[in-house]
Amino acid sequence: MEQLEKKIVTNEWKEIIKRGLMGISILLISLTYPLLNQNRGSTNSVFTYVDKFIPFNKYFILPYMSWYLFIAVFSVILCIVDKERYLKLLITLNIGMISCYIIYYFYPTYVPRPIIKGTDFFSNLVMNLYQMDNPYNCFPSIHVLNSVLVALYTYESDKVSKWAKAICIIISVSIILSTVLIKQHYFADVIAGIIFACILYFSFFKLKFNDMISEKNNTSISDN
């Protein structure tokens with residue numbers, strides 16, 4: 001009995017690791033971004049009246065930079081506890097990022113950055129970000145798109161605790177706010193990212209991977 005339990009646990013972790021490795025696709029897609037994130041001639045602006053009233057706040061550099069860890073941590077959580085939502089998240093992240101890159105190619109945008117005069121820790125973080133990330137290709141915001149998708153699938157899962165869901169939503173909202181408060185994006189970039197994330201989420205809402213796997217197994221048994 002113990003050997004059987006160990007075998008089940010081992011097989012479960014093998015499946016989890018396999019699912020986790022599928023997440024490498026996100027990193028591979030991200031390699032395309034530096035090629036697009038540069039001045040390729042004329043650019044467009046999606047500045048709106050709302051942007052006039054959004055102040056610069058250097059402290060929001062922290063939630064903005066936490067985006068990478070946020071995506072990784074909650075993707076791993078779903079990968080371990082909720083295969084269904086993890087696979088949906090992975091598909092929508094891939095489709096979303098590829099779609100954004102296509103938009104960036106055909107509709108490049110530009111967001112001017114403010115002059116940072118401070119020399120404190122937070123000001124230096126913002127300046128370092130500005131140096132590493134050129135002010136191009138912002139519509140829609142991938143930071144917003146991915147944050148909303150992660151929050152939606154985490155909130156939907158009945159296998160994630162309420163505390164984890166609350167933390168996920170709080171961090172997601174702070175990241176979304178950070179995109180405009182540190183002047184990485186315009187208001188329109190954020191709205192477009194949210195709308196696109198919702199479209200992708202509801203497009204795959206009824207898709208059931210567990211049912212597809214069960215049907216495949218039943219078909220195999222019937223053939224035998």
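This is a predicted model: local features need pLDDT of at least 70, side-chain atom pairs count only at pLDDT 80 or more; totals for chains, interfaces and linings use all residues.
Local features require pLDDT of at least 70 and side-chain atom pairs pLDDT 80 or more, while totals for chains, interfaces and linings use all residues. Residues are numbered from 1 along each chain as its sequence is written, and side-chain values use heavy atoms, without hydrogens or water.

Helix α8 spans residues 142-156 and helix α9 residues 162-181 (helices are DSSP runs of H or I, at least four residues, numbered from the N terminus). They pack at an angle of about 165°, with axes 9 Å apart (axes are lines fitted to C-alpha atoms over the stretch in contact, and angles run from 0 to 180 degrees between N-to-C directions). The two helices are therefore roughly antiparallel (angles over 145 degrees). On the α8 side, the contact (heavy atoms within 4.5 Å) involves H143, V144, S147, V148, V150, A151, T154 and Y155. On the α9 side, K165, C168, I169, S172, I175, I176 and T179 take part.

G193 belongs to helix α10, residues 187-203. Leaving out residues up to four places away in sequence, G193 touches P140, S141, V144 and L145. G193 and V144 lie 49 residues apart in sequence, yet their C-alpha atoms are 5.4 Å apart.

S123 sits in helix α7, residues 121-132. Neighbours within four places in sequence aside, S123 contacts K58, I116 and G118.

Terms used:
Angles under 35 degrees count as roughly parallel, over 145 as roughly antiparallel, 65 to 115 as roughly perpendicular and the rest as oblique.
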